[in-house]
Amino acid sequence: MLEPDPKVVRELLTRYASLRIAQAERERPEAARELADVSYTLCVMMATTGVHDAVAKADALLLAKGRAQEVGALDAEGEGGLSLAV
């Protein structure tokens, strides 16, 4: 299975959250349609059938990618994630 681009996932999550807030403040048909579209896209991208599962999987993906980048940065600096204390 292909892994979604973290940048695209982050953008979708941001849009999803913004639309949810906008709908909570004032319901509008166009925002409701866009929220449905973003929810569907998140579900497809994260291979889930429910938006709550999609959001959870997207959060986990971003968290894992963030941790992998931190470890990679430490390795690139030559520290290897090990403490310098003896």
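The buried residues of helix α1 in this predicted model are V9, L12, L13, Y16, L19 and Q23, where buried denotes under 20% relative accessible area, exposed over 50% and partly exposed in between (1.4 Å probe, protein chains only). They lie on the same side of α1, because they cover an arc of only 135° around the axis, the arc being that of the directions from the helix axis to the C-beta atoms. The face turned away from this buried side carries the exposed residues K7, I21 and E25.

The protein chain contains three helices and zero strands, assigned as DSSP runs (helices H or I, at least four residues; strands E, at least two). Of its 86 residues, 24% count as buried.

Three salt bridges are present, each defined by a side-chain nitrogen of Lys or Arg within 4 Å of a carboxyl oxygen of Asp or Glu. In the pair K65 and E3, the closest N and O atoms are 2.6 Å apart. K65 lies in helix α3 and E3 in the segment before α1, so this pair ties together parts 62 residues apart in sequence. R28 and E30 form a salt bridge at 2.9 Å between the closest N and O atoms.

Residues are numbered from 1 along each chain as its sequence is written. Local features need pLDDT of at least 70, side-chain atom pairs count only at pLDDT 80 or more, totals for chains, interfaces and linings use all residues, and side-chain values use heavy atoms, with hydrogens and water left out.
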